[in-house]
Structures are given as structure tokens and as C-alpha cells.
Amino acid sequence: MITARILIRPKEGILDAQGKTVEGALPALGFSGIEHVRVGRMVELQAESADRLEELCEKLLANPLIEDYEIEIV
Amino acid sequence: MIWGVLQFPGSCDERDAQNACELAGADTRLIWQDETSLDGIDGVIVPGGFSYGDYLRVGAIAQFAPAMAAVKEFAAGGGPVLGICNGFQVLCESGLLPGALLTNEGTRFICRQGDLVVQESSSPWLSEMNAGETISIPFKHQTGRYFAPPEMLESIESNNQVAFRYAEGQNPNGSLNDIAGVTNEAGNVLGLMPHPEHAVDPLTGSIDGLKLFRGPAGVVA
Amino acid sequence: MAKHRELGLTDDEFELIKKKMDREPNAVELAMFSLLWSEHCAYKHSKKLLGKLPTEGPRVVMGPGENAGAVDIGSGYSIAFKVESHNHPSAVEPFQGAATGVGGILRDVIALGARPIAILDSLRFGELDSERTRYLVDGVVRGIGHYGNSMGIPTVGGEIYFEPPYEQNCLVNAMCVGIAKTDEMVRAAAAGTGNKVVLFGSKTGRDGIGGASVLASAELEEGDADKRPTVQIGDPFEESKVLECCQELLANDLLVSLQDLGAAGLTSSAGEMASAGGTGIDIDVALVPLREADMEPFEIMVSESQERMLAVVDPAKVDAVLAICSKWQTDSAVIGEVTDTGVFRILKGGELEGEIAIDALVDGCPLYDLDPAEPAEWIYGNQVTLREGADPSEIALSLLGASSIASKRWAFDQYDSIVGSRTVHRAGSADAAVLNIPESDRAIAISIDGNGRRVACAPFQGTIEAALECAANLACVGAEPLGVTNCLNFGNPEKPTVAWQLSQSVLGLTAACEGLGLPVVGGNVSLYNETPSGPIYPTPVIGMVGELPDPAKAGGESWRDGDWVALVGPFNPSLAGSELEKARGQLGAGLPDTEIPPVRAAIELVRDGVRSGSIRTAKDVSDGGISTVLSELALESGVGCDVSLDPVIAVHDCSDEDALFGEGPGGFILAGDRQSIELLGGKGVQIEMLGRVEGNEVKIKAGESAVEILVAEAKASFESLPGRIEV
């Protein structure tokens, strides 16, 4: 069994409302020098093989129209 | 005319949708998510709510419900399909409609009565409305910002697939081109974020929504 | 420190437990006692007082002691309702605290066999200039929206107040209203030796262990951020499945009794079911579906994992019950049995882990008398926020923008208030929410009202006022109240000042309910809302449900150009305890007395006028006085008014300022054609014609003074809240 960690992020160029909100709140909380915040999702799973992971991402875990994904085998 | 209203775990507005259909003069039946037959059904409504808790992504899991396979076939055959709010999200995830719905620009859930401008369209859904007409329909959503990549957006616009736009100054979520609802190329599938099923009774709001529910009856029945 | 003290039991209580058990309790037993004998579960400082409230009435179907109260709404249907607090968890984690607060009150109504149809919330925070307050407000509102919207239950009303004493102890009181067929409602009492106990809903984890109950029995101190792990996490999706499952189980007559799991989890639910039924109960923790492995028996017994229900089922019907749970994709298991031993036995795989006599556990907690003492002076301090020398127009605008008065649209817009197609008056649009009940060919109205500040000025009088205000709000939409629920939010009752506030307040509530002829059908008490620097304002929150025959005649309309404006009722304005007095930093003890009968007469007159359809605009005078209510009516419609309060000054011999900004019960502003208003006369209720609706200014003459503000200015001030929350 392998453990896969899949990071799903909003595509560049699309307004990431959550990321923007988080970034906007930072100065008031005393953080400076932080930018380009993007908020996404992380899916962790165990699989017998990595063969169909990309298909899983394309079909369910991510919406390729609006999201990018990255598969990491841990 | 018999409408089939889909019901997933987490659907909220399915009974309201049935109520609206009945007020528009049709019969209805609820279709549980694992049903695979749409025999005897003249039209399908995918209602609003939080199907499967909006888990993973709005509408992402509902697209794989057995009933949705039947809906895809039904749509391919030209049957009228209406997706309201979460229903719109499910239809986009299923590929029955172009584009996707993203988190509102302000990130908050917003529930408000608003004005929509009816667009030029040959869809049976809009047959009881006139292009340019303004209708008052409430919306209530947190993930209603319509998005399509530039090429797809251009195609939607030039094919007259935009069914409704938010009236000027009333775009609540940052939807591109103020788009509130779109159809597929053939026009038989319509999705919109606002809730016409909550605009059918003068006691609880406007009655402009009835026109939408009457649309296909004039064309199908 | 001795274990029992760590768990919040006093030495005396521990001795009493040992005496009742005739031995020392083991770990599981001690944990269970510590929770059921906590303030939150046992009401040990309030139970004696609450016995005074009137609870009977011709429409009462379920009274205090059941999961929620219920009143008969006709045609075989009942309306169930209750209000409950979730204050301490919300102060620690506002989003989940508020969300699970909503989830919890929904389950109380669901446990009765009712389908929830409305949610309302009464919220109180510190002032908005504090970052912590803005953080709490944001989280609480999002949490309420998240849970209610996801469940498809409309949030149709509520109130939000900002006052300094709530800075460290915010108040989140959630009210739920549901509908059920009267003969399909189910009680909580366990019955039938040999009947099975079925647990269904979410799996049990470590949520809230030592959580809600313990938090509610102790004051909050610094360093409470590490109480975060004990806050429960809510899952509205799971609860919506549980709701449908319950409805189907009850429609098929498969349950003997039903109870929801809340504070103190399995311990309190199973214990209370057995106590109510006079039975014993056996629970085997090895049979409980668990989310985490290796949970100890005591953890399983006190876990506060959300979205769980407990049912008593005839053995012959167990399979059918489990099948329906499976259809709705919710976990279920038989975890025990009803016995005739009168004992609560906890087993693990058949091995005995603990046993406690039910009457010792559930009813054996000592009840304490309070030691009340009226404080010598005003204990809450004062802050000046109004510019000295402000003239009446400036005061009028300032009051409209006061955080407690200004529009709460920012919050209401985050709630789905229309799902279910019943909502005639949406949140914030009329004085009370109105829902269509076609099943019974009528409508219901719901309001939730409290006033901590005025109750602090005079607990007895202030509480009467809160109840009268609630009934007045219902009258403005043509509704007659059927029953009352209440949540009493107070500080530490072991302190004489708070004890006095609590006693006086309950006496006031009793007087108000008797005076209005209304039964209290259920409620909640939240104590220890206090920090080392002092208690919150004593805050009784009153929820009322009423009925009206025709939802098309439910008031709530804006006034129109040309309408006459009248003041109806025995309203005797006074600045005592008012928003203006707060702004001037002059708050102190004392409120004028109010006679209830004349206020009741005015309430009934307004109600009948609205019901008949002849009065379409009615609003009661409350925070900010007559100037404020007139300004609100103006900015809502876009048309101003030109009125004089000289008649009011003459009748009550009060000052200009009293007339303009004074507060108190028994005042209604009505607008409409002259004839409709005059038809209300001659019935023993005072009516003063004040003037006309017209123009683009709010012009109010009062003796030598006058308010003259543009409607546009009033609107800008009234809508200024979002800019101060989203900083």
C-alpha cells in the first residue's frame, strides 16, 4: 500500500476569494511580508498502486476547469 | 406534465420545487438519488440545497448518483432539465452545462431578493418570458460565482446560452458578465443560481418564478 | 487536588454521593455524577425558583420536562418550540459553538417527533470597538448560518445586542420551532422492561469530553484557549439525515420513546429517559459505534459527539428501525435494554463497569437555596459615547446608529430565511417572523426578545418588560401568543447580587406570564456567565409563539405618503435604562413600575386591528424611543413624517427628551388612514394622533424641542453597522 497526498489548489488567474480574504486579514493581525495566499484542499489516501490516481483527480477530486492538483507519493 | 424532482441526502429545496411545479399546473414526484429510471417523467428538476453536505466540492459527489446517469440520458434525448442553485452546481459538475460555480466574492452566504434580466434565448424554459424583461427572484448561496474560461465564455455568449443576468448593480457574488443562469447549446437544460421556486406565492414573495415553471409545459405537453 | 473537586463536585456533594451509594464511586460513576450533578444538567441553583412559573394552559400539549414544549395549533397539529443557550462554547470557539448550539436545539425539537420549521437567535456581545467582539460576531453568525442553512431550516428572526458586560461572556441563545402531528409526537420516558435501547446518528468520539457541562459550571478565566479541544464539532449534513430518519421511524410507529444526546451525552440521555419512566437501564459501551479506538468506558458515557439520538424500541421492531437508519446512511446499534431495577448499569462486553441508582444520579442532586441581596449601587459602570451638548437631531441620528439599534441586515442576509416556502415575514422585515401553516389553515408568529440592561436596572420590572415586548411584537403582526419559552442567562448564583437578580427576574417572569395569561412550556438556564471582573447583565431571553388566522393580514407593511400616525397604548416614556441614558453614561438602578393590564389591553387592541386587515403598519416603541421607531418607519418606506409629541407630554407630564427618546412598555406606533385608526378608539386604550406621513424629513416636535433629520441621513446612520463589523 502506498500513501498519496494530493494537493488541490484554485487555478492561477481565477479570483480565489478565500485566499484573498485571508491575505487581507493578515496586516491587522500583525503579519507583514506575506502575499499570494491561495486556499485549497488536501486529500490523503492509501492505495494499492498509484496507477489510477491521476484519473481519480481528473474525475472527482479536482475540477480541472477551475483547479490544479499535485500528487505526492509519501 | 409530470416533473421528477431529484432528492439527494442533503437536498433542501426539493419540496419547494414540487410545490412550485404544482402551482404551475403540473404533477410531480420525488426521485431518490439511487433510482435509475425516469419512465413517465416529462421534465427533471435538480433542486437546491447541500447535497452530500457540499463535501469535497459543491455538486461533486451528486454527479455520480445513479439518478444522474438517467438524467444525462434524458437530457441527451432533449428532455427539459432545470438545475436550481445546488442543482446548477451538480449539472456543471456533470458536464451537462458549461462552466463552474465558485465561492462568492465576499466569501459569505447571502440571502436576498433580487432582480434578474431575462436574456435572448430559444430555450423552452424562457418561453413564457420576454428578452429584456426584469423578474424578481430571491437567491441564497455561498458558492454562486459563475466562471468559465475565456473561450468557453465567448462561446456561451455568442450562442445565446446566457439565460439570465443579475440586474445592474445587483450581482451578489462576482459572477462573470453578471451571469445568473445558462443553458446548454440545445437549450433544453437550464441552470440558475437564484431560486424561482421561492417566487411562486404572493404571500411569501414575488410570483415571477411561475413563468419559468410554465415554460416547458407550453412546448412539451 | 481531590478527583471529585477537579470534576467540579463540592466536598459535601461527594459525601452525599458516597452516602447514597453506600460506598465510594469508581471512575466511571464519578464522571457520571460530576456531569449530572453539574449546574448545567441539574439546575441545582435554579430549580426551586423555576417551580413558580405557570405552566398550564388550554393549548399546552407538552410542558417543561419534555425535550421541548408544544402547543396545539389545530387540525391535529402541534407547534413545538424551545430556546437553549450555548454561551460558554461560543465564547471559546464561536463558529462551532454557535453551530452546535443550533444543532442541539434542533435535536430537542426533532426528539419530540416534530419537523423543525424555523430558527431564531438572540445574541449578545461586547461593544464593536473590540477586535475580540468582531471576531466572535463574525464566527457566531457564520456558525448559525452554516448549520441552519445546511439543514434547510430557515432562520427567520432574532436579535443582536452589544453591551460592555458581555465582552468576555457572549450570549448565544438559539430557538427552534417545529411542527408535528399531535398524536405522532413522542415522549422521552423509557418504558417496557426488556425493550431495547438503540443509539443512532454520528459515531461517538472524544468531542466535548468534560465539555459543555463542565464549562457551564465554572467561570471563564484567562488561558481558556486550551479549552478548545473540548468544543464539539457539528455536522449538519449528518443531522439532516438523522431528522429524516426520525420522521420516518415515527411515521411508521416504530419507537416507544426518543431522546436526543446533548450535554453529558449518553449519561444524561439514558439516565433521564429511565428517570422519566421510573425504570432502570443497562448500557453496554462495547456496542456503541466508535469513531476512535480505545475509548474508555467513562469517555464513551460522557462524550458529547453531536448528531446522535437514543430510542427505546420494542424488540420486535428493532430490525425495522435499523433498516430505516441504514436507508438514511446513518450509523445505528442496539446498545442496551430497559430494566425494572431502577439502576443505571454500565457494562463493557457484558462485564459490569459501574452501577448507580437512577434516582440518586438524576434526581439526587441537592438543590440549593439562593442567598439574595440587593446591591447597594449600580455595579456595571458607565461609558459616555454621546457628545455633550448634542441637540435632539444629533441624538436621534446617533441612536439610529447605536450598535444595539442599527440594522442587523448584515447578519440576517447570511441566513436562508425562505426555504420551506412558509416565510411570510422574513428576518428583520417586521416585528415578528410570520410563517404560513397551511396544514392548520392559519399562520404562526415567533419572536425572541431580551433586555439585559433594563433588567440590570430593575430585575423584576425589567423582566416583565421583556415579556411584554415579546407579546407586543407578536401583536404587531396580528398574533395571539400561545406559549412561552425562556432562557435565563445570569452570572454566578452563589454570589448574593446575582442571586437577587435571578430571584427577582423569575418573579417578574411569573408576574408577566400570569398577567398575560400565558404558560411557560419549556426553557433553559445558563449560569456562571461571569469573569473575575464581574457578571453579565442579568439577561432573561423570552421566546413566544403565537397564532394568527390569516397570513395575508399580518401587518409588516411600510407606511405610505398621506397616512396618519398615531401612538396607541399606556406608554409612559422615561429615560431610565434607555439607550440615551447609556450613551450619556448615566445608567443606574431603578425603572418606573408598569401596570400589566393596560399594556395587555393595548396589545390586544393592536392585534385585533392588524388581524382585521385595517391596520397594516404597526411597530412597538422600544430601544431609542418614539424618535427611533418613527425614523425606522421613514427610512424603510422612503417617506418622512411631520408629527408632534405634545399630546404625549401633556398626558404624562414628561419632559421633551422623555417624549422623544424615552423607553418603556405599552407603546405602539400605528400608521394608516384616519378612519381605520379612529375605529380603534373607545375601547379604553389611549390613542394619540401625532401627525402625518409626508416629505423627505423626519420632523418630530416635542415641546420646545424638535428632531428634524433627512430620511436619507436616518437611513445612512441606521445602515452603518457593516462598516464597523468588517473592519
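Q: How is chain C divided into domains, and how far apart do their C-alpha centres lie?
A: Domain bounds come from an automatic or database domain assignment. Here chain C splits into domain 1 (192–208 + 232–365) and domain 2 (371–406 + 557–727). Their C-alpha centres are 51 Å apart. Keep in mind that this is a predicted model, where local features need pLDDT of at least 70, side-chain atom pairs count only at pLDDT 80 or more, and totals for chains, interfaces and linings use all residues. Residues are numbered from 1 along each chain as its sequence is written, while chains are lettered from A and ligands numbered from 1 in the order in which they are written.

Q: Which residues touch the most other members of the largest nonpolar core?
A: General idea first: in soluble globular proteins, nonpolar side chains tend to be buried together. A nonpolar core is a set of buried Ala, Val, Leu, Ile, Met, Phe, Trp, Tyr and Cys residues joined through C-beta atoms within 7 Å. Buried takes 20 or more other C-beta atoms within 10 Å of a residue's own, exposed takes 12 or fewer, and partly exposed is in between, with C-beta atoms placed from the backbone. In this model the largest core has 245 residues, and Leu36(C), Leu112(C), Ala445(C), Ala467(C) and Val477(C) touch the most other members. Helix H18 (residues 459–475) of chain C gives the most to this core, 10 residues. Domain 1 and domain 2 of chain C both give residues to this core, so it lies between them. Another core, of 65 residues, lies apart from it and includes Val71(B) and Met129(B).

Q: What is Leu36(C) in contact with, leaving aside its neighbours within four places in sequence?
A: Two residues are in contact if their C-beta atoms, placed from the backbone, lie within 7 Å. With those neighbours left out, the partners of Leu36(C) include Cys41(C), Ala264(C), Leu361(C) and Cys365(C).

Q: Does Ile677(C) count as buried or exposed?
A: Count the C-beta neighbours: Ile677(C) has 21 inside 10 Å, so it counts as buried. Ile677(C) sits in helix H25 (residues 674–678) of chain C. Not counting residues up to four places away in sequence, it touches Trp564(C), Ala566(C), Leu670(C), Gly672(C) and Ile687(C).

Q: What pattern does chain A follow along the sequence?
A: Helices (H or I, at least four residues) and strands (E, at least two) are DSSP runs, numbered from the N terminus. Chain A has two helices and three strands, in the order β-α-β-α-β. Its radius of gyration is 15 Å, well over the 11 Å that the globule rule gives for 74 residues, so chain A is more spread out than a compact globule. That radius is taken over C-alpha atoms, and the rule is 2.2 Å times the number of residues to the power 0.38. Buried residues make up 9% of the 74 in chain A.

Q: How many residues of chain A and chain C are in contact with chain B?
A: For chain A, nine residues are in contact with 12 of chain B. Helix H1 (residues 17–25) of chain A gives the most to that side, three residues. The side divides into six nonpolar, three polar and no charged residues. For the classes, Ala, Val, Leu, Ile, Met, Phe, Trp, Tyr, Cys and Pro count as nonpolar, Asp, Glu, Lys and Arg as charged, and the others, Gly among them, as polar. For chain C, 22 residues are in contact with 20 of chain B. That side of chain C has seven nonpolar, 12 polar and three charged residues.
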